[in-house]
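Please read the points below alongside the sequence and the coordinates. They are set out as a colleague's note, chain by chain.

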Amino acid sequence: MSEYILEFEKPVVELEKKIREMREYSETENVEISEEITRLEEKAEKLRTDIYSKLSRWEILQIARHPQRPYTRDYIEHMFDDFVELHGDRAFGDDPAIISGIGKLGNRKVVAIGHQKGRTTKQKLFRNFGMPHPEGYRKALRVMKLAEKFNRPVVTFIDTPGAFPGIGAEERGQAEAIAKNLLEMSRLRVPIIVVIIGEGASGGALGIGLGDRILMMENTWYSVISPEGCAAILWHDSTKAVQAAEAMKLTAVDLLELGVVDKSVREPLGGAHHDYEKAAQILKEEINAELEKLEKVPPQELIENRIEKYAQMGFFEEQS
Amino acid sequence: MDWFKRAKDGLKPQKKKEIPELWIKCSSCEEVIYKRELEKNLHVCAECGFHFRIKSSDYIKYLLDDGHFDEFNAEIGSVDFLKFKASKRYSDQIKAAVKKTGQKDAIRTGFGKIHAHEVVFCVMDFSFIGGSMGSVVGEKIARAIDEAIKRKLPLIIISASGGARMMEGAISLMQLAKTSSRLAKFAETGYPFISIITDPTTGGVTASFAMLGDFILAEPGALIAFAGPRVIKQTIGQDLPEGFQRAEFQLSHGFIDSVVKRHEMKDRLRDILEFSTDNQFDEENTNGELNNENLLVNSPGPAESSLDDDQTN
């Protein structure tokens with residue numbers, strides 16, 4: 001399916017190409033080689049499983065950034081019914097880098113909010129590469145308040161290289177917008193489920209990423225800054241991003257261990273971009289299962305648990 | 001006579017004359033200032049009003065009654081739980097910073113009094129790994145907030161920070177959530193949180209507690225930003241406007257309540273504390289049982305504060 005081939009995928013992609021050629025040959029020449037084809041298919045499957053079971057952090061990051069990777073809108077299309085997008089922060093404008101709206105997740109009425117990247121050059125520019133301005137965070141908060149008012153849970157999708165660092169963004173209070181969201185999300189009286197579906201960089205991700213359950217798709221990354229940014233600052237050399245990615249421990253496996261996320265969500269073999277429908281179905285089941293549990297918790301307890309969840313995050317020593 | 005002879009190794013660029021230790025050059029107006037004069041003037045240039053960056057101990061001295069600070073949780077220190085190594089090891093950086101500053105991390109927290117108002121007082125140190133917020137800063141702020149909740153006290157945090165501490169990866173990012181969510185809890189008490197922003201405060205600290213004050217004050221000229229100017233310049237490829245992201249810029253864009261000179265900070269804090277806490281009547285009643293110990297030590301008055309002696313305007 002994917003046109004864009006990652007370096008580590010090459011062996012298996014070549015094998016698959018060979019299988020296709022053999023199949024064509026067997027059809028056109030009417031030669032019976034199905035046994036051979038089956039054998040190679042099994043080999044390809046095994047090779048893929050093998051490759052994907054021992055990806056480096058940098059390789060995972062490449063899948064997270066894959067140009068065909070499903071974005072928020074793709075998940076919404078495959079998971080939600082009757083989705084209605086809601087626009088604007090009611091103060092300054094509408095930020096296309098964050099989308100928000102109401103819809104049905106199975107039988108549940110929920111609010112969905114997420115970073116949105118574009119696929120074509122034109123769309124990328126329109127979506128500002130998924131890098132929000134303050135009005136994006138304020139729109140998100142406005143829609144979360146709607147969720148609270150109508151007692152519906154919130155699901156957020158994280159996929160951003162960071163909040164946009166620009167003059168307008170600073171003039172309109174990027175920091176204040178994110179800070180405010182953190183405060184308000186801490187005390188929102190409805191469940192919040194956060195899913196990292198691609199990239200999760202810094203306050204730009206966290207600005208819609210504070211919640212009761214944090215799920216992380218298998219092939220994604222989440223950290224305080226992008227590896228490139230980290231390399232530029234700490235190595236004074238942005239080409240050291242590969243090392244930075246390793247040092248920062250930014251994958252689902254890492255963050256599960258550190259207690260930053262609650263669950264790593266399986267993706268179809270080869271990554272979510274190989275099968276949108278399947279990726280969305282797996283995620284939908286996970287979200288519904290979590291909501292099932294959270295809906296039973298009274299609001300005050302929900303908030304206390306949420307604050308306590310973040311209180312636990314941190315590693316330090318204490319001598320007396 | 002060899003007066004005109006060239007020195008053997010040719011002409012060398014003259015080594016810039018070191019200004020003797022006793023003097024310092026103002027980084028804004030370049031005026032050479034006698035250090036003791038500068039200290040006496042709260043590290044503010046008498047010529048141009050430039051506010052030098054100062055240490056947590058200075059703020060304690062300038063803002064708390066008698067410079068008395070009852071510190072807590074001073075023994076919490078950072079650990080290199082990711083075994084992080086860039087051009088330096090994080091564990092070495094911690095050690096070096098502890099040695100340099102004599103402190104365990106980039107923030108100090110404790111109790112103090114401001115014109116007899118007891119407060120929980122937190123103050124950051126930019127000199128400790130750029131005032132970066134990792135687990136320790138997050139934890140100490142969280143505990144300070146808990147103290148303020150428990151003892152029903154106002155909370156003051158003086159920020160000076162380059163943002164989240166990258167060497168702690170996503171855990172440092174989570175400190176934004178940890179501090180902000182604890183402030184949500186504090187907000188229920190009805191006690192004030194006063195955020196004082198000093199130069200420079202950027203990134204994760206601005207995008208969490210620093211911007212969440214009921215009252216937000218800033219020192220003149222302080223850089224207050226989400227993304228630092230260098231990053232923005234790189235991204236957009238153009239020069240930034242004059243005064244961009246400075247305290248005055250943030251004031252005119254509506255993100256802080258007031259730009260307050262260092263000399264006036266203590267009095268402004270008193271004004272805010274008097275407005276936002278209930279004990280304004282207690283002050284006249286210093287013999288009242290409840291606030292006895294709080295207020296007898298130092299009754300508010302202009303003569304009390306060492307700051308007022310040096311007030312330049």
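1. A crossing of two helices is called left-handed if the near helix is turned anticlockwise from the far one by less than a right angle, and right-handed if the turn is clockwise. In this model, which is a predicted one, the crossing of H1(A) and H2(A) is left-handed. Helix H1 covers residues 10-28 of chain A and helix H2 covers residues 34-53 of chain A, and the two pack at an angle of about 165° with their axes 9 Å apart. Since angles over 145 degrees count as roughly antiparallel, H1(A) and H2(A) are therefore roughly antiparallel to each other.

2. Which residues make the contact of H1(A) with H2(A)? On the side of H1(A) they are Pro11(A), Val12(A), Val13(A), Leu15(A), Glu16(A), Ile19(A), Met22(A) and Arg23(A), while H2(A) contributes Glu36(A), Ile37(A), Leu40(A), Glu41(A), Lys43(A), Ala44(A), Leu47(A), Arg48(A) and Ile51(A). Sorted by class, the residues of this contact of H1(A) with H2(A) comprise eleven nonpolar and six charged, with no polar ones.

3. Helix H4 (residues 72-79) of chain A packs with H13(A) at an angle of about 75°, the axes being 9 Å apart, and that makes H4(A) roughly perpendicular to H13(A). The contact involves Asp74(A), Tyr75(A), His78(A) and Met79(A) from H4(A), together with Tyr276(A), Glu277(A), Ala279(A), Ala280(A), Gln281(A), Leu283(A), Lys284(A) and Ile287(A) from H13(A). By class, the contact of H4(A) with H13(A) divides into seven nonpolar, two polar and three charged residues.

4. Helix H13 of chain A (residues 276-294) also passes a simple check of length: at 1.5 Å a residue its 19 residues should span 27 Å, and its end C-alpha atoms are 27 Å apart, which agrees. The buried residues of H13(A) are Tyr276(A), Ala279(A), Ala280(A), Ile282(A), Leu283(A), Lys284(A), Glu286(A), Ile287(A), Asn288(A), Glu290(A), Leu291(A) and Leu294(A). Among the residues of H13(A) in that list, Lys284(A), Glu286(A) and Glu290(A) are buried and belong to the charged class.

5. Turning to chain B, its secondary structure comes to eleven helices and ten strands, and 54% of its 313 residues count as buried. Of the contacts in chain B with a separation of 6 or more, 68% are between residues 24 or more positions apart.

6. Is Gln175(B) buried or exposed? This residue, found in helix H5 (residues 169-187) of chain B, counts as buried because its relative accessibility is 0%. Leaving aside neighbours within four places in sequence, Gln175(B) is in contact with Met313(A) and Gly314(A) of the other chain, as well as with Met133(B), Gly134(B), Ser135(B), Gly138(B) and Glu139(B).

7. Ser195(B), which lies in strand S8 of chain B, likewise counts as buried, at 0% relative accessibility. Not counting residues up to four places away in sequence, Ser195(B) touches Ile157(B), Phe209(B), Ala210(B), Gly213(B), Phe215(B), Ile216(B) and Leu217(B). One of these, Phe215(B), is 20 residues from Ser195(B) in sequence and 6.2 Å from it in space, C-alpha to C-alpha.

8. Some backbone values deserve a second look, given that most residues other than glycine have a negative phi, and most peptide bonds are trans. In strand S8 (residues 193-201) of chain B, where Pro200(B) is found, the peptide bond from Asp199(B) to Pro200(B) is cis, with omega near -15°. Phi of His43(B) is positive, near 60°; His43(B) lies in the loop between helix H1 (35-40) and helix H2 (56-63) of chain B and is buried, with a relative accessible area of 14%. Phi of Lys83(B) is also positive, near 50°, but Lys83(B), in the loop between strand S4 (76-78) and helix H3 (90-101) of chain B, counts as exposed at 67% relative accessibility.

9. Lastly, Ser127(B) lies in the loop between strand S6 (117-124) and helix H4 (135-151) of chain B, and with a relative accessible area of 30% it is partly exposed. Ser127(B) touches Lys100(B) and Thr101(B), residues up to four places away in sequence not being counted. Ser127(B) and Ile54(B) are 73 residues apart in sequence, and their C-alpha atoms are 9.0 Å apart in space.

Terms used. Residues are numbered from 1 along each chain as its sequence is written. Chains are lettered from A and ligands numbered from 1 in the order in which they are written. This is a predicted model: local features need pLDDT of at least 70, side-chain atom pairs count only at pLDDT 80 or more; totals for chains, interfaces and linings use all residues. Side-chain values use heavy atoms; hydrogens and water are left out. Axes are lines fitted to C-alpha atoms, for helices over the stretch in contact, and angles run from 0 to 180 degrees between N-to-C directions. Helices (H or I, at least four residues) and strands (E, at least two) are DSSP runs, numbered from the N terminus. Angles under 35 degrees count as roughly parallel, over 145 as roughly antiparallel, 65 to 115 as roughly perpendicular and the rest as oblique. Contact means heavy atoms within 4.5 Å. The expected span of a helix is 1.5 Å times one less than its number of residues. Buried means under 20% relative accessible area, exposed over 50%, partly exposed in between (1.4 Å probe, protein chains only).
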